[in-house]
Amino acid sequence: MSQMRVVKLQVPVSQEDVDKLEQGDVVYLTGTIYTAREGVYKKVLESGDELPVDIRTISNVNFHCSPAASPNANGDYDVGAVTATASFRFGKWMKDWFDTSGAKIIIGKGGMPEEAYREVFMPYGARYLSTVGYGAGALLGRGIKRVKDVHWLEENGIAQAMWIFEVEEIGPFIVDNDREGNSLFVNHEHAVNAKLEKLYEGLKPPALKRYGETTSRADEVIGEPDNTPIQIVNVMPYQGSDKK
């Protein structure tokens, strides 16, 4: 197995540097990055609120995450950890966000909807970088040197506010998609799903107890036909008795 390539980038990232990224590269970032997820997208792209800063002049790296931030007596904030959130929920906003913000890198976990790579990321020359959700938060937090600013904190809360961080070699992040719109997440999802049904052949139906659980993988969806996000239901593999 070939060794994974490590790439260190300065933010804002140049298009030239983004174009050189290959699937599987390990990336560390230094400079200024910001957080924007559904709370920010709804305010700006749906409600029409103006961005509190000219983000194009500050950064082109958007991190889908929730920081563990606590205020200091002097009004600054300490960020001990930062946990990535599932990006696929934000696919319907990506095109408009790229137009509005000029973002070139999106960081999160779990990947984006398959069509987003071909229809949005590829035409805009953008890349998706992945980390894991739980477990890596403290490691990533070490790369945050200070909070440069925070917007919409009171009305949106910590997770949904727009945080602007000064970072130094924050990472590691893994490059998910290539220039042709291919995704590591999508490719492996297809490979796994092709064999998943066979894995459960011959097993008795599971005992379902919690709201939203289902036996059909077709119910495990990330959006309605109009791309409205809905709650993901649980597919339970448990084969035990339903008796207490």
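**Group meeting: a walk through the model**

Let's start at W152, which sits in the loop between β8 and α6. This is a predicted model. In it, W152 has a positive phi of about 60°, although W152 is not a glycine. Most residues other than glycine have a negative phi. Is W152 buried or exposed? It counts as buried, because its relative accessibility is 15% and the cut-off for buried is under 20%.

There is another residue of this kind. E169 is not a glycine, yet has a positive phi of about 50°. E169 belongs to strand β9. At a relative accessible area of 39%, E169 is partly exposed.

Stay with backbone geometry. Most peptide bonds are trans. Where are the cis ones I want to show you? A cis peptide bond links V11 to P12, with omega about 5°. P12 is in the loop between β1 and α1 (15-19). A cis bond also links G171 to P172, again with omega about 5°. P172 lies in strand β9.

Now the overall picture. The protein has 244 residues, and 43% of them count as buried. There are 7 helices and 9 strands. Take the contacts between residues at least 6 apart in sequence: 64% of them join residues at least 24 apart. The accessible surface is about 13,200 Å², and carbon and sulfur atoms account for 50% of that.

Next, the cores. The largest nonpolar core has 30 residues, and L29 and F63 touch the most other members. Eight strands, β1 (6-10), β2, β3, β4 (65-71), β5, β6 (105-108), β8 (144-151) and β9, each supply at least two of its residues. Which strand gives the most to this core? β9 does, with 6 residues. A second, separate core holds 27 residues, including Y34, Y41, Y124 and M162.

Look at L29 in detail. Setting aside residues up to four places away in sequence, L29 touches L9, V11, V61, I107, V167, E168, E169, I170 and F173.

On to helix α2, residues 38-46. Its buried residues are E38, G39, V40, Y41, K43 and V44. They pack against β2 (26-35), β3 (61-63), α3 (94-101), α6 (153-156) and β9 (162-175). After the helix comes G48, with a positive phi near 85°.

How does α2 meet α3? They pack at an angle of about 75°, with axes 11 Å apart. The two helices are therefore roughly perpendicular to each other. From α2 the contact uses V40, Y41, V44 and L45; from α3 it uses M94, D96, W97 and T100. By class, that is 6 nonpolar, 1 polar and 1 charged.

S87 lies between β5 (77-84) and α3. S87 counts as buried, at 0% relative accessibility. Which residues touch S87, beyond its neighbours within four places in sequence? H64, I107, G108, K109, G111, M112 and Y128.

G125 is in the loop between α4 (114-124) and β7 (127-130). At 18% relative accessibility, G125 counts as buried. Leaving out neighbours within four places in sequence, G125 is in contact with Q15, V18 and K104. Now find G181. In sequence, G125 and G181 are 56 residues apart; in space, their C-alpha atoms are 9.5 Å apart.

Methods: Residues are numbered from 1 along each chain as its sequence is written. This is a predicted model: local features need pLDDT of at least 70, side-chain atom pairs count only at pLDDT 80 or more; totals for chains, interfaces and linings use all residues. Side-chain values use heavy atoms; hydrogens and water are left out. Buried means under 20% relative accessible area, exposed over 50%, partly exposed in between (1.4 Å probe, protein chains only). Helices (H or I, at least four residues) and strands (E, at least two) are DSSP runs, numbered from the N terminus. Contact means heavy atoms within 4.5 Å. Accessible areas come from the Shrake-Rupley method with a 1.4 Å probe; for residues, only the protein chains shown count as cover. Axes are lines fitted to C-alpha atoms, for helices over the stretch in contact, and angles run from 0 to 180 degrees between N-to-C directions. Angles under 35 degrees count as roughly parallel, over 145 as roughly antiparallel, 65 to 115 as roughly perpendicular and the rest as oblique. Ala, Val, Leu, Ile, Met, Phe, Trp, Tyr, Cys and Pro count as nonpolar, Asp, Glu, Lys and Arg as charged, and the others, Gly among them, as polar. A nonpolar core is a set of buried Ala, Val, Leu, Ile, Met, Phe, Trp, Tyr and Cys residues joined through side-chain atoms within 4.5 Å.
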